Amino acid sequence: MSDFLPYAYLKGQFVPFEEAKISVATHALHYGTAALGGLRGLPNPANSKEILLFRLEDHCRRLSRSAHYLGYELPTSDIKARIIEWVQKNQPSVPFYIRPLVYTSGLGIAPRLHDIEKDFLIYGMPLGDYLSATGVTCRISSWQRQCDRSFPLRGKLTTSYIVSALAKTEAVSSGFDEAILLNDQGKVCEASGMNLFLVRDGQLITPSVDQDILEGITRRSVIELAQAAGVKVMERPVDRTELLIADEVFLTGTAARIVPVSRIETYTLPSDRPLTRQLQQQLQAIVEGREPQYRHWIDVIPL
């Protein structure tokens, strides 16, 4: 319990984390009828009485839209207000991760989304580096990413993460750090819980949104930063063979931020990663509030 921040938000109130409990009969536990969010925060390096949250509005909007798939109309403004209250209640003193979750809280055995109660909860934990910042090894997973015609991939739904879990465990069990998933067309999709970028001949390339990817917020941020720096960005289908001859490959996500890939299968990638390093440094400066032109990406929460 000490690994989590002291207060959770559950059933409309703030309670000590150890008291935030749900029934074993909770519908979402049995059928994956839930949508999750995740965002990072950290104490302001320039003012310890403030917390900085990265792209709070975007995270809340995505969770609100994901809740819509569950038949739950939860406004972005409500999510945002509760997260800010939760931060002020917990008074975090180290970098941390926030996990909001929308779920079917009713107790029932029929897989459905109608005529069943929904709820919204928040908890969080201290979080440093999610993956090694020096580089991770990846294998091409034997598991395939779901396709949009059979699953609402525009939502960040908990059900989709069974494939992520299978792929991650397969990768680690076979000696790698991460998995890269292909879609049903055999094109590169994403990692187990992160988007993927590669650099070839000075161009930044990433699978496009029609390739069954999650529309990542960090992914979108990286695209904007690269374009602002004059880097040509291409969003298009990516073949797996392109990864093996790329100049740089990196993964992006809220927890991971930007993580370079050092090896894919038996192919070792170049250790010189100038664009990856540039984007890593710039994103870190932004989340710490040191980039004035991107202050609109940061919400400052007074404690």
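Author: The model is a predicted one. As a general idea, rolling a probe the size of a water molecule over the atoms shows where empty space is left. Here, the second largest pocket has a lining of 13 residues, and those nearest its centre are Arg62, Arg65, Arg154, Glu215 and Arg220. Its volume is about 300 Å³.

Reader: Which elements give two or more residues to the lining of the second largest pocket?

Author: They are helix H2 (56-69) and helix H5 (217-228). H2 gives the most, with 5 residues.

Reader: How do the residues of that lining divide into nonpolar, polar and charged?

Author: The lining of the second largest pocket holds 8 charged residues, 4 nonpolar ones and 1 polar one.

Reader: Let us turn to strands. With which strands does S11 pair, and in what sense?

Author: In a regular strand the side chains alternate between the two faces of the sheet. In this model, strand S11 (residues 195-200) pairs with strand S14 (residues 248-253) in the antiparallel sense, over 5 bridges.

Reader: What is found in the hairpin of S11 and S12?

Author: The hairpin has 2 residues between its strands, and aspartate 201 takes a positive phi near 50°.

Reader: Is strand S11 mostly covered or mostly uncovered?

Author: S11 is mostly covered, as 5 of its 6 residues are buried.

Reader: How many aromatic pairs does a search of the whole structure find?

Author: The search finds 9 aromatic pairs. In reading such a pair, one considers the distance between ring centres and the angle between ring planes, an angle over 60 degrees being counted as edge-to-face. Phenylalanine 54 and tryptophan 297 form an edge-to-face pair, at 6.0 Å centre to centre and with 85° between the planes.

Reader: Why does this pair tie together parts that are apart in sequence?

Author: Phenylalanine 54 belongs to strand S5 (residues 47-54), while tryptophan 297 lies in the loop between helix H7 (274-287) and strand S17 (298-302), so the pair ties together parts that are 243 residues apart in sequence. Phenylalanine 54 is buried, at a relative accessible area of 10%, and tryptophan 297 is buried at 3%.

Reader: Which residues do ring pairs link into a cluster?

Author: Phe4, Phe17 and Tyr123 are linked in this way. A charge may also sit over a ring: lysine 89 lies over the face of tyrosine 7, at 4.7 Å from the ring centre.

Technical notes:
Residues are numbered from 1 along each chain as its sequence is written. This is a predicted model: local features need pLDDT of at least 70, side-chain atom pairs count only at pLDDT 80 or more; totals for chains, interfaces and linings use all residues. Side-chain values use heavy atoms; hydrogens and water are left out. Rings of Phe, Tyr and Trp (its six-membered ring) pair if their centres lie within 6.5 Å; planes under 30 degrees apart count as stacked, over 60 as edge-to-face and the rest as tilted. Helices (H or I, at least four residues) and strands (E, at least two) are DSSP runs, numbered from the N terminus. Buried means under 20% relative accessible area, exposed over 50%, partly exposed in between (1.4 Å probe, protein chains only). A charge sits over a ring if NZ of Lys or CZ of Arg is within 6 Å of the ring centre and within 35 degrees of the ring normal. Two strands pair if DSSP finds at least two bridges between them. On a 1 Å grid over the protein atoms alone, a cavity is a set of points where a 1.4 Å probe fits but cannot get out, and a pocket is an open set with protein on both sides within 12 Å along at least five of seven lines; lining residues have an atom within 4 Å of a point. Grid points are joined across faces, edges and corners, and a volume is the space filled by probe spheres set on the points. Ala, Val, Leu, Ile, Met, Phe, Trp, Tyr, Cys and Pro count as nonpolar, Asp, Glu, Lys and Arg as charged, and the others, Gly among them, as polar.
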